[in-house]
Amino acid sequence: MDFFHSVIEFFQTGGTFMYPILVVAALGSAVAIERFIRLHYERHTNRAMWDKMQPILASGDFDRARNLVKQDHSSVGKLLSMGLARQGTVRRREDIEIAMEESMMEITPQLEKRTPYVALFSNIATLLGLLGTIMGLIEAFTAVANANPAEKADLLSASISVAMNTTAFGLMTGIPLLIVHALLNSLTGEIIDSLEMVSVKASNLIDSATRRRFEIDVPKPESKTAKRPPSTAHGKAPKVETA
């Protein structure tokens with residue numbers, strides 16, 4: 001209870017700028033929590049989807065793979081859907097890779113969405129804390145100017161102590177949000193790297209399976225050997241008598 005009362009007293013003595021910082025802290029925390037849940041869910045579903053798709057692609061069952069990605073909404077499912085759609089019409093590996101790169105350009109902004117707001121809220125909270133402190137100091141020096149000379153030192157020290165609460169609260173909000181922003185960037189980069197790895201592995205599997213199927217469907221041409229005429233003991237062909 002003492003800690004709870006200390007927090008309330010700290011908040012009340014900080015001035016009016018404590019409330020905007022509190023709002024910024026709530027918004028930044030909400031965005032950070034939403035991004036963490038989304039990114040962890042995305043990483044889990046991507047890993048599960050790739051574990052299902054890898055043996056199917058290796059076996060060359062592309063029809064089953066297409067049906068499976070149609071029912072999936074993960075990033076890996078969207079990525080492979082573009083590649084498998086192109087695989088059904090062309091055999092060039094470059095076209096499949098270009099299709100998956102196009103899908104990556106659509107997926108990446110969705111993974112990075114709203115993450116920069118966490119850093120923005122961190123900077124806003126810090127700046128609001130500094131602004132609150134400056135405004136508090138201005139009010140303190142204005143009050144000290146009209147006070148008795150004997151009370152100026154005590155009044156100034158008390159006013160500065162109250163004004164510093166805003167800066168402290170701004171930093172206590174901004175520093176954790178900045179750390180969370182770095183963790184979110186790291187997690188997003190990890191997911192993007194895994195998608196790029198899946199793209200390369202899927203291209204290799206599709207290419208190798210397509211080559212195997214093509215070799216099975218197209219039989220090798222039979223080799224024809226020229227028939228040699230029968231030879232005699234001296235290496236000359238026998239003469240054919242005509243009537």
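In which helix does Thr 133 lie? Thr 133 lies in helix α6, and we will come back to this residue once the whole protein is in view. Please keep in mind that this is a predicted model, in which local features need pLDDT of at least 70, side-chain atom pairs count only at pLDDT 80 or more, and totals for chains, interfaces and linings use all residues. Residues are numbered from 1 along each chain as its sequence is written, and side-chain values use heavy atoms, with hydrogens and water left out.

Let us begin with the overall plan. The protein has seven helices and zero strands, where helices (H or I, at least four residues) and strands (E, at least two) are DSSP runs numbered from the N terminus. Read from the N terminus on, the elements run α-α-α-α-α-α-α. Of the 243 residues, 34% count as buried; buried means under 20% relative accessible area, exposed means over 50%, and partly exposed is in between (1.4 Å probe, protein chains only). The accessible surface comes to about 16100 Å², and 61% of this area belongs to carbon and sulfur atoms. Such areas come from the Shrake-Rupley method with a 1.4 Å probe, and for residues only the protein chains shown count as cover.

Next, look at contacts, meaning heavy atoms within 4.5 Å. Among contacts between residues at least 6 apart in sequence, 78% join residues at least 24 apart. Thr 133 gives us an example to look at. Leaving aside its neighbours within four places in sequence, Thr 133 is in contact with Ala 163, Met 164, Thr 166 and Thr 167. Thr 133 counts as buried because its relative accessibility is 6%.

Helix α6 (residues 115–145) is also the place of Met 135. With a relative accessible area of 35%, Met 135 is partly exposed. Together, Leu 131, Ile 134, Met 135 and Ile 138 make a nonpolar surface patch of about 340 Å². Patches are made of residues with over 30% relative accessible area and no salt bridge; like charges are joined within 9 Å, and nonpolar side chains (Val, Leu, Ile, Met, Phe, Trp, Tyr) within 5 Å.

Now for the charged residues. Side chains of opposite charge can pair when their charged atoms come close. A salt bridge is a side-chain nitrogen of Lys or Arg within 4 Å of a carboxyl oxygen of Asp or Glu, and by this rule the count comes to five. One of them joins Arg 35 to Glu 34, with the closest N and O atoms 3.0 Å apart. Arg 35 is buried at 2% relative accessibility, whereas Glu 34 is partly exposed at 29%.

Glu 34 also forms a salt bridge with Arg 114, again with the closest N and O atoms 3.0 Å apart. Arg 114 lies in the loop between α5 (93–112) and α6, and Glu 34 in helix α2 (residues 18–59), so this pair ties together parts that are 80 residues apart in sequence.

Another salt bridge pairs Glu 190 with Arg 43, their closest N and O atoms being 3.2 Å apart. This pair links distant parts of the chain, since Glu 190 is in helix α7 (residues 152–217) and Arg 43 in helix α2, 147 residues apart. Glu 190 is partly exposed at 40% relative accessible area, and Arg 43 is partly exposed at 25%. Finally, salt bridges that share partners join Glu 34, Arg 35 and Arg 114 into one network.
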